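Please consider the following model together with its sequence.

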Amino acid sequence: MKLATWNVNSLRVRLEHVLGWSAEAGPDVVALQETKIPDDAFPLETLREAGWHALYTGQPAYNGVALLSRQPLEFVADALPDFNDGQRRLIAARRGDLCIVNVYVPNGQKVGADKYQYKLAWLEALAAFVAGLMKEHAEVAVLGDFNIAPEDRDVHDPAAWEGSVLVSPPEREAFRTLVDLGLADGFRLFEQPEQSFSWWDYRQGAFRRNRGLRIDHILLSAASARRCRSVRIDREPRGWPRPSDHAPVIAEITEP
DNA sequence: ATGGCCTGCAACGCAGGA
């Protein structure tokens, strides 16, 4: 089965991209972030006609996450238990034995800002939530837009980015804390091209010049990582007209 | 280089993103 994550930066604008890319790449599950659509406007009927089951939690203008699946999902959560403040940033569900947690981690805006503190607090609550799930499930995938480039090799120009939001040591430590629960950064289970990124700024021809960051991740528990056969970033839709600024990441995991 | 680009909201510019 193929498990994908994609920050679409508005599902309204990117619905055709999601449908087109899915038909081509063949994911069984797609975790979407930044849907930017309230639940009563979610395009459930169009997705249903395209063969998707969906779970989603959204709000107007900001945030919003969804899980699309070829087979029905069992709802687990649509918020962090201790962090249900109205920002729609998490949806979790079970697909058979696999527990899937789709996250849109706060951006943080600027090191030291209130939003940066919020990001670190949110990540701490996420780690507690995932730790609980991992006690109950051997197979766990935590995937989405983490808004953290874990290492310098995930940054096009580490010197220019040093210490700034998305790469600062406390953010990287928070990412490491998650991984240390017993999760693998799926992408790094395999040999990858150098300068592999999942996000490129809309400005300055950043995509054309491959000036990007790798901030979208698929973390897998040991039992799932053992069956993972590939993880890749699909740059193609980033080059389509009117693209999201993120590319999808897709993992292939053999069924138990 | 101060910003550049894109989206949504409600408005005819702004906040927020990364």
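The paragraphs below describe the fold element by element.

This is a predicted model, in which local features need pLDDT of at least 70 and side-chain atom pairs count only at pLDDT 80 or more, whereas totals for chains, interfaces and linings use all residues. Residues are numbered from 1 along each chain as its sequence is written, while chains are lettered from A and ligands numbered from 1 in the order in which they are written.

Helices and strands are DSSP runs numbered from the N terminus (H or I of at least four residues for helices, E of at least two for strands). Strands of a sheet pair through backbone hydrogen bonds, either parallel or antiparallel; here two strands are said to pair if DSSP finds at least two bridges between them. One open sheet has 6 strands in the order β3-β4-β2-β1-β14-β13, with mixed pairing. Its edge strands are β3 (53–57) and β13 (228–233), each of which pairs on one side only. The twist from one strand to the next averages 10°; for this and later angles, axes are lines fitted to C-alpha atoms, for helices over the stretch in contact, and angles run from 0 to 180 degrees between N-to-C directions.

Within this sheet, β3 and strand β4 (residues 65–69) run antiparallel and are joined by 5 bridges; A54 has L68 in β4 as its bridge partner. Strand β1 (residues 2–7) is likewise connected to β2 by 5 bridges, but these two strands run parallel, and L3 has V29 in β2 as its bridge partner.

How many residues of strand β2 (residues 29–33) are buried? A residue counts as buried if 20 or more other C-beta atoms lie within 10 Å of its own, as exposed if 12 or fewer do, and as partly exposed in between, with C-beta atoms placed from the backbone. By that criterion 5 of the 5 residues of β2 are buried, so the strand is largely enclosed by the rest of the structure. In a regular strand the side chains alternate between the two faces of the sheet. In β2, V29, A31 and Q33 point one way and V30 and L32 the other way, and all are buried.

A further open sheet of 6 strands has the order β5-β6-β7-β8-β12-β9, also with mixed pairing. Strands β5 (74–77) and β9 stand at its edges with a single partner strand each, so one side of each is left without a neighbour in the sheet. The twist here averages 25° from one strand to the next.

The buried residues of α3 are K119, W122, L123, L126, F129 and V130; they pack against β7 (98–104), β8 (140–145) and α5 (169–179). An α-helix has 3.6 residues a turn, so residues three or four places apart point the same way. Helix α5 lies across β8, β9 and β12, running at about 125° to β9.

N147, in the loop between β8 and α4 (158–161), has a positive phi of about 50° although it is not a glycine. R242, in the loop between β13 and β14 (249–253), also has a positive phi of about 50° without being a glycine. N147 is buried, with 23 other C-beta atoms within 10 Å, whereas R242 is exposed, with 8.

K36 lies in the loop between β2 and α2 (44–49) and is buried, with 21 other C-beta atoms within 10 Å. Leaving aside neighbours within four places in sequence, K36 is in contact with S10, L11, A61, Y62 and G64.

Finally, 23 residues surround DNA strand B, the closest being S10, P60, A61, N107 and R203. A residue is near the strand if its C-beta atom, placed from the backbone, lies within 6 Å of it. The surface near DNA strand B has 9 nonpolar, 7 polar and 7 charged residues, where Ala, Val, Leu, Ile, Met, Phe, Trp, Tyr, Cys and Pro count as nonpolar, Asp, Glu, Lys and Arg as charged, and the others, Gly among them, as polar.

Definitions and conventions: Two residues are in contact if their C-beta atoms, placed from the backbone, lie within 7 Å.
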